Amino acid sequence: MPLFGGQPWVPEPAVMMGGGLRRRHSTKEAKDVKQRLGLFRRRNESPGGRLVEKGAKALRPSPEEALAWGESLEKLLQHQYGLAAFRAFLRTEFSEENLEFWLACEEYKKIRSQSKMASRARKLFAEYIAIQSCKEVNLDSYTREHTKENMRTLTRGAFDLAQGRIFGLMEKDPYPRFLRSELYLDLVRPKKPSPVL
């Protein structure tokens, strides 16, 4: 092995690009990849899904209760088991961030302290609204800019427009698919009585 300054020389990983050598990845790029992979791991460990999977018998709604969720997305989100079931469904479609954003906005509205509100608003914007954010939700440019303007003078309604748009997207797209899913249909089917021996 060739020596460089008395130490063995170990070349960096490189690739041929345009006739020259280029370093494969920077440390920053490697950290970014690691962070993105961690996001997938966290999605699979979401507590909402566990609520449906573990301890579900105690919270399982009657078929009539579950049938009421078909009336509106609002009714579905108001029921603890319905919310967990919808979150589990969204996770299968890799679109859980819309529901997470909507729920985070609901929590934001409950904050009383102005300093906590400012801190939480920055976090919400960075996590869900900023372009290229890790959980970016699908918003039109007007809504994104309007929300960005609201960050200057924070109120409890700073995210109302964005939250409303995301609610509308969920209501129009994944909610009808959820109502046709096996997950939901299994909840609304009456349970067959166990045979008596």
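Helices (H or I, at least four residues) and strands (E, at least two) are DSSP runs, numbered from the N terminus. This is a predicted model: local features need pLDDT of at least 70, side-chain atom pairs count only at pLDDT 80 or more, and totals for chains, interfaces and linings use all residues. Residues are numbered from 1 along each chain as its sequence is written, and side-chain values use heavy atoms, with hydrogens and water left out.

Two overall numbers. Of the 197 residues in the protein, 37% are buried. Buried means under 20% relative accessible area, exposed means over 50%, and partly exposed is in between (1.4 Å probe, protein chains only). Then the contacts, meaning heavy atoms within 4.5 Å. Take contacts between residues at least 6 apart in sequence: 59% of them join residues at least 24 apart.

Now helix α9. The helix covers residues 141-150, and its partner α10 covers residues 160-172. How do α9 and α10 pack? The angle is about 150°, and the axes are 8 Å apart. That makes α9 roughly antiparallel to α10. Axes here are lines fitted to C-alpha atoms, for helices over the stretch in contact, and angles run from 0 to 180 degrees between N-to-C directions. Angles under 35 degrees count as roughly parallel, over 145 as roughly antiparallel, 65 to 115 as roughly perpendicular, and the rest as oblique.

Which residues meet there? From α9 come Tyr 142, Thr 143, His 146 and Thr 147. From α10 come Leu 161, Ala 162 and Arg 165. By class, the contact of α9 with α10 has three nonpolar, three polar and one charged residue. Ala, Val, Leu, Ile, Met, Phe, Trp, Tyr, Cys and Pro count as nonpolar, Asp, Glu, Lys and Arg as charged, and the others, Gly among them, as polar.

Look at Thr 143 in helix α9. Is Thr 143 buried or exposed? Thr 143 counts as buried, because its relative accessibility is 0%. Set aside its neighbours within four places in sequence, and Thr 143 is in contact with Leu 161, Ala 162 and Arg 165.

The buried residues of α9 are Thr 143, Arg 144, Thr 147 and Asn 150. They span an arc of only 120° around the axis, so they sit on the same side of α9. That arc is taken from the directions from the helix axis to the C-beta atoms. A reminder on geometry: an α-helix has 3.6 residues a turn, so residues three or four places apart point the same way. What covers the buried residues of α9? The cover includes α8 (114-129) and α10. On the face turned away from the buried side, α9 carries the exposed residues Ser 141 and Tyr 142.

At the start of α9, look at Asp 140. A side-chain oxygen of Asp 140 comes within 3.2 Å of the backbone nitrogen of Tyr 142.

Arg 152 counts as exposed, at 66% relative accessibility. Arg 152 and Ala 118 are 34 residues apart in sequence, and their C-alpha atoms are 9.6 Å apart in space.

That takes us to α8. Its buried residues are Met 117, Ala 118, Ala 121, Leu 124, Phe 125, Glu 127, Tyr 128 and Ile 129. They pack against α7 (96-108), α9 and α10. Helices α7 and α8 pack at an angle of about 170°, with axes 11 Å apart. The two are therefore roughly antiparallel to each other. On the α7 side, the contact is made by Glu 97, Glu 100, Phe 101, Ala 104 and Tyr 108. On the α8 side, the residues are Met 117, Arg 120, Ala 121, Leu 124, Tyr 128 and Ile 129. The contact of α7 with α8 has eight nonpolar, no polar and three charged residues.

Next, two loop residues to check on screen. Most residues other than glycine have a negative phi. Phe 94 has a positive phi of about 55°, although it is not a glycine. Phe 94 lies in the loop between α6 (80-92) and α7, and is exposed at 53% relative accessible area. Gln 132, also not a glycine, has a positive phi near 70°. Gln 132 is in the loop between α8 and α9, and is exposed at 67% relative accessible area.

Last stop, Lys 191. Lys 191 is in the segment after α12 (182-188). Lys 191 counts as exposed, at 58% relative accessibility. Between Lys 191 and Pro 63 there are 128 residues of sequence separation, yet the C-alpha atoms are 8.3 Å apart in space.

Notes: A polar contact is a pair of N or O atoms within 3.5 Å; within protein, one must be able to donate a hydrogen and the other to accept it, and residues adjacent in sequence count only if both atoms are side-chain atoms.
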